[in-house]
Amino acid sequence: MAAASGLTATERAPRGAPESPTLEGLTNRLTAASHSLDLFERLSAIRREATGRLVFTTSFGLEDQAIGHAIFTQDLRVDVITLDTGRLFPETHQVWAQTEQRYGFRIHGLAPDHRKVEALLAEQGIDGFRASVAARLACCGVRKVEPLGRALAGASGWITGLRAEQSGTRAGTSFVARDQARELFKFNPLFDWTRKQVEDFVREYHVPYNSLHDRGFLSIGCSPCTRAVAPGEPERAGRWWWEAEDKKECGLHSNPRRPVAASAKANGTDKLPERVS
Ligand code: SF4
């Protein structure tokens, strides 16, 4: 299991810097108890400690469905948002509807700015993202990153389904990180889970899941940029498969994933916002 948030000497607050009981409480709890906390407890601990508006962004993949189950069944005060890029699979919309029906909560869909999509299409064509990494990032920027900025506006924390095991670029994922660019805390409650643990959770609680998973799609994004993977291939091999492995992120999670205590304290932003209730 990856280390949750143990502090090294260089990551500790400068001498005389104010300590944040809230953040330290969270850090200590994770360090001491991360092995024993199940997913329900991790989500409720995040909600308890992360004061202010919390956002969970879901793409309805297996990880996000597990996290959504823990949020919805505990009725946690978390805004659940999905980025409806305009290029999603019909199966993804199906599981979106099934999830709302199962739990009785609305999952808010954010669409890209139509003027930016129209400009993108005029510039690169309908599938112009295949031309280069830059073109692909431009498409992801319009269809994902800009709407994500709106989703996270005013939030103090962002819950994601990232796991360290998913790929080399995600190997450093920790339970809590500071997203410096967006000025919020990032919570990754599945950071140390294996894919089998996620599958077992979804099976145990009969969580609705994307039917594409049964057809070899392990990681599911936009339809033209996702393919099924062969047995033994890495989990994210089916995402942007025409690109090099180290380029396979869309910009949503491109900020440094340093432990929270290292990054927040170094910038004097180690306090979580005040509770709203
Ligand atoms: S995943 Fe593909 S279609 Fe979706 S936003 Fe990125 S480049 Fe565009």
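Which residue of β6 stands opposite G157? It's F185. This is a predicted model, where local features need pLDDT of at least 70, side-chain atom pairs count only at pLDDT 80 or more, and totals for chains, interfaces and linings use all residues. Residues are numbered from 1 along each chain as its sequence is written.

**Overall layout**

- The chain has eight helices and six strands, taken as DSSP runs (H or I over at least four residues for helices, E over at least two for strands) and numbered from the N terminus.
- Going along the sequence, you'd read off α-α-β-α-β-α-β-α-α-β-β-β-α-α.
- Of the 277 residues in the chain, 40% are buried, meaning that 20 or more other C-beta atoms, placed from the backbone, lie within 10 Å of the residue's own.
- Take the contacts in the chain with a separation of 6 or more: 77% of them come from residues 24 or more positions apart. A contact here is two C-beta atoms, placed from the backbone, within 7 Å.

**The sheet**

- Six strands make an open sheet in the order β3-β2-β1-β4-β6-β5, with mixed pairing; two strands pair if DSSP finds at least two bridges between them.
- β3 (108-110) and β5 (176-179) sit at the edges with a single partner strand each, so one side of each has no neighbour in the sheet.
- From one strand to the next, the twist averages 30°.
- β4 (residues 157-159) and β6 (residues 184-187) pair in the parallel sense, over three bridges.
- β5 and β6 run antiparallel and are joined by four bridges, with V176 opposite F187 in β6.
- The hairpin of β5 and β6 has four residues between the strands, and E183 takes a positive phi near 55° there.

**Helices α5 and α6**

- α5 (residues 114-124) packs on α6 (residues 133-152) at about 170°, with the axes 10 Å apart. The axes are lines fitted to C-alpha atoms over the stretch in contact, and angles run from 0 to 180 degrees between N-to-C directions.
- That angle makes α5 roughly antiparallel to α6, a label used for angles over 145 degrees.
- On the α5 side, K116, V117, L120 and Q124 make the contact, and on the α6 side A135, A138, C139, V142 and E146 do.
- By class, that contact has six nonpolar, one polar and two charged residues. Ala, Val, Leu, Ile, Met, Phe, Trp, Tyr, Cys and Pro count as nonpolar, Asp, Glu, Lys and Arg as charged, and the others, Gly among them, as polar.

**Around the ligand**

- There are 13 residues around the ligand, and C139, C140, R143, C222 and C225 come nearest; to be near, a residue needs its C-beta atom, placed from the backbone, within 6 Å.
- The shell splits into seven nonpolar, two polar and four charged residues.

Note on methods: Buried ≥ 20, exposed ≤ 12 C-beta atoms within 10 Å, placed from the backbone. Parallel < 35°, antiparallel > 145°, perpendicular 65-115°, else oblique.
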